[in-house]
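Work through these exercises with the model on screen. Try each task before you read its solution.

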Amino acid sequence: MNRNSDGRHPADGTSAERGAARAERSLTGAPSGPGGTVPGLLGGLPRQRSVPTTTTGPGPAPSPAVSGRAVEAARLPVAVRSVLRLLPTPLGTPFTFGYALVLAVTSYVASHADPAIVRSLHQASSTDVAHLVRYPVAVLFASALWIVGGFLSPYAAGFLLVLTALERRIGGARAAGVFLLGHVVATLATEVPVGLAVWAGHLPGSSLHRFDYGISFGVAASVGALAGLLSPWLRWPLLTIIGSVLAEDLILLDDPMTNWGHLLALALGVATWPLVRRAARARAVASAAVRT
């Protein structure tokens, strides 16, 4: 009977080697390939572990940093992500974010500077008739740098929430246009009658220098424009509540010209519905094209 040089029968050696290979596979957990070999392993080297390889299609693998950010974002609760989306961000809503920083600075100055200095700044920024006649562009710009009541006022909260939502839907340039439309048109519409009344002798000359500054006209116009982009069950309650508050202020006659300006600005925002809806549709189509 033929034997190997070490005295073993060939069949015995083959059986032993097959048994060792099976034991090795059971230890490594690797699948066996054709002929009893393990794919991806080098022959003759024990204790190797097979590393599975997967393909994700053409193109480079995603960056670990990008993948990490995506995972962290996915881990955030839905409620937290929804709340964060209500606030402005440098990349998502640059106009609202930058404007909010400016308003935060001016509000800090108004809260901590000497009251006499603050009053002088407000007076210089007032869009009264006297300033509008001499410096119309400069004073319209300067008056929009201050918030009546500071950064913790309802106007500031309305600015952040409304402008953020509007800018996310129609873009920064168009959101700024809506805000400026309400701010400029409502200001002129309330100050020009004052000037005419003074000229006609129905108001004293001191009315040409009344305080008139802030962002409320722009916020009211933005509310009106945003309402046109919401679903009906949100749109009409929002307009009803805001309109009722503004009408109540007008009835109280605390500052009738300014209160009329708020209602006018809200109506101007509503008048922009065809434009903002077209802009929102175009932005949604562009975003869908980028994703695909």
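The model you see is predicted.

**Exercise 1.** Find how α10 and α11 are oriented to each other.

*Solution.* 
- Locate helix α11 at residues 232–252.
- Take the crossing angle: the axes of α10 and α11 cross at roughly 155° and come within 9 Å.
- Apply the cut-off of 145: α10 and α11 are therefore roughly antiparallel.
- List the contact: α10 gives Val223, Gly224 and Ala227, while α11 gives Arg235, Leu238, Leu239 and Ile242.
- Sort the contact residues by class: 5 are nonpolar, 1 is polar and 1 is charged.

**Exercise 2.** Now describe how α8 and α10 are placed relative to each other.

*Solution.* 
- Locate α8 at residues 154–170 and α10 at residues 216–227.
- Read the geometry: their axes come within 9 Å and cross at roughly 45°.
- Classify the angle: α8 and α10 are therefore oblique to each other.
- Find the contact: it includes Phe159 and Leu166 of α8, and Val219 and Leu226 of α10.
- Sort by class: the contact has 10 nonpolar, 3 polar and 1 charged residues.

**Exercise 3.** Decide whether α8 is largely enclosed by the rest of the structure.

*Solution.* 
- Count: α8 has 17 residues.
- Check burial: 12 of the 17 are buried, so α8 is largely enclosed.
- Name some: the buried residues include Phe159, Leu163, Glu167 and Arg168.
- Look just past the end: glycine 171 has a positive phi of about 95°.

Technical notes:
Residues are numbered from 1 along each chain as its sequence is written. This is a predicted model: local features need pLDDT of at least 70, side-chain atom pairs count only at pLDDT 80 or more; totals for chains, interfaces and linings use all residues. Side-chain values use heavy atoms; hydrogens and water are left out. Axes are lines fitted to C-alpha atoms, for helices over the stretch in contact, and angles run from 0 to 180 degrees between N-to-C directions. Helices (H or I, at least four residues) and strands (E, at least two) are DSSP runs, numbered from the N terminus. Angles under 35 degrees count as roughly parallel, over 145 as roughly antiparallel, 65 to 115 as roughly perpendicular and the rest as oblique. Contact means heavy atoms within 4.5 Å. Ala, Val, Leu, Ile, Met, Phe, Trp, Tyr, Cys and Pro count as nonpolar, Asp, Glu, Lys and Arg as charged, and the others, Gly among them, as polar. The expected span of a helix is 1.5 Å times one less than its number of residues. Buried means under 20% relative accessible area, exposed over 50%, partly exposed in between (1.4 Å probe, protein chains only).
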